[in-house]
Amino acid sequence: MFKILTLNNISILGLERLPRDRYEIASEIQHPDAVLLRSFKMHEWEIPGTLKAVGRAGAGVNNIPVDKMTKLGIPVFNAPGANANAVKELVLGAMLLASRNLLPAWDYVRGLQGTDAEISKQVEAGKKQFVGSELVNRTLGVIGLGAIGVKVANAAQSLGMQVMGYDPHITVKNAWQLSSQVKQALSVEDLLSQVEFVTVHVPLSDATRHIINAERLKIARKELMILNFSRDGIIDDVAVGEAIKANQVKGYITDFPTNLLIKHERVIALPHLGASTNEAEENCAIMVADQVRDYLENATIHNSVNFPEIEMPRSGSENRLLVVNSNVPHMIERISSVISNAALNINNMVNRSRGEIACTLVDVDKVIPPSIVDDLRTKEGVLTVRIL
Ligand SMILES: NC(=O)c1ccc[n+]([C@@H]2O[C@H](COP(=O)([O-])OP(=O)(O)OC[C@H]3O[C@@H](n4cnc5c(N)ncnc54)[C@H](O)[C@@H]3O)[C@@H](O)[C@H]2O)c1
Ligand SMILES: O=C(O)CC[C@@H](O)C(=O)O
């Protein structure tokens, strides 16, 4: 029986992928084999010795101590692209909210009083305050052309916007999916100096922290509208507040409210709603539950942010060994000598590495004695060993 701890609400459709005869799932559970989470901040969380896998039902992993997990030999899975459409739709909605002044207009209407005829008169008199502008022919810059950025860029392009993109690490797959009409910016500065709207879709890291800051705002096109549906910390909120005061920036729409932002007249702050659709929550939960299950049962690794991709068909063998080790010389030699000393014959074997981590999967001809696990664990460089 595998024990799964949920640190946030996870869609039931995802949890149903883990059959109850083999999985015990609860929000409080001792000795979990895996955790499933969304935005729970795991950095201060005490990692149980039994933990074998972490499943993030979403894209961003900045709430997870990934380096620490790697050192412990624990893979962290996420759900790339599973909530990208939800974020794309909210970005489009946010641009429309801002360019058509919909929130102040709605507030205005809610304050109207009188008979229907009087309200109609006030509506016609008042609407001139809310004249907006159309998105067609407006310029949009997209920083980060991953799962979300590509969808946003293509959708904006099809609405008639002129789109520029910046991503020095764009993947070949995403480049193929990006509309050929999207122009390539050479740098963040190049992009900011040309666009009226900018939206960021990058992970939070040392390289992306404050990617839009006071210095870059100085060279931005006047009356820039900034959208942040990525993460708190990617935009320097203080610098944006100052630039709004100086009329350099027209407004800011963010999914990450702070005290500075929530009451600001020209800021629309939303409660981290980017991925909050039934569809996205279900997609993420299903994807990550399937990946965690496949790892626990077969040691298959797909969509891990810190481990290599690995898969070996079962080919009838129920005698499988997984060794997670440091990616250093002589490991295969050490592993196979323990296996041959136990008089086991190797049927199939796969070894994959990524950065400082390597995984070795071995199918053998006989039932694996538990003593092998203890034996392997004493070998230098071995992080975790499991019989599956
Ligand atoms: N608001 C929400 O609810 C919500 C939902 C989903 C994702 N997110 C955030 O959005 C981020 C992006 O999600 P995604 O699914 O598109 O991820 P992704 O990994 O598919 O794409 C990220 C892209 O950013 C690019 N990038 C990295 N560093 C860069 C840099 N310095 N300059 C320009 N580009 C850079 C990468 O090359 C990649 O193409 C996530 O990491 C998460 O923080 C927020
Ligand atoms: O789980 C959520 O609601 C937010 C997820 C989002 O921030 C992500 O990075 O995928």
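Which residues does UniProt give for the feature "domain: ACT"? The UniProt record, an unreviewed entry, places that feature at residues 320-388.

This is a predicted model: local features need pLDDT of at least 70, side-chain atom pairs count only at pLDDT 80 or more, and totals for chains, interfaces and linings use all residues. Residues are numbered from 1 along each chain as its sequence is written, while chains are lettered from A and ligands numbered from 1 in the order in which they are written.

**View 1. The whole protein.** The protein has 14 helices and 16 strands (DSSP runs numbered from the N terminus: helices are H or I, at least four residues; strands are E, at least two). Its C-alpha atoms fill a box of roughly 90 × 50 × 35 Å along the principal axes. Of the 388 residues, 39% are buried (20 or more other C-beta atoms within 10 Å of the residue's own, with C-beta atoms placed from the backbone; exposed is 12 or fewer, partly exposed in between). Take contacts between residues at least 6 apart in sequence: 65% join residues at least 24 apart (contact: C-beta atoms, placed from the backbone, within 7 Å).

View 2. UniProt positions follow the numbering used here, feature names are shortened, and annotations may be inferred rather than shown by experiment. Residues 320-388 are 26% helix and 43% strand. The end C-alpha atoms of this stretch are 5 Å apart.

**View 3. The shell around ligand 1.** Ligand 1 is surrounded by 33 residues (C-beta atom, placed from the backbone, within 6 Å). The closest are Gly-60, Gly-144, Gly-146, Pro-203 and Gly-274. The shell holds 17 nonpolar, 13 polar and three charged residues (nonpolar: Ala, Val, Leu, Ile, Met, Phe, Trp, Tyr, Cys and Pro; charged: Asp, Glu, Lys and Arg; polar: the others, Gly among them). Helix H3 (84-99) and helix H6 (147-158) each supply at least two shell residues. H6 gives the most, with three. Domain 1 (1-82 + 277-307) and domain 2 (84-269) each contribute at least three residues; the bounds come from an automatic or database domain assignment.

**View 4. Val-150 in helix H6.** Val-150 is found in H6. Val-150 counts as buried because it has 28 C-beta neighbours inside 10 Å. Beyond four places in sequence, Val-150 touches Leu-145, Asn-174, Gln-177 and Leu-178. The C-alpha atoms of Val-150 and Ser-179 are separated by 8.2 Å. These two residues lie 29 residues apart along the chain.

**View 5. A five-stranded open sheet.** The strand order is S2-S1-S3-S4-S5, with parallel pairing (strands pair if DSSP finds at least two bridges between them). Strand S2 (23-26) and strand S5 (76-77) are the edges, each pairing on one side only. Four bridges join strand S1 (residues 2-6) to S2. Lys-3 stands opposite Glu-24 in S2.

Definitions and conventions: Contact = placed C-beta atoms within 7 Å.
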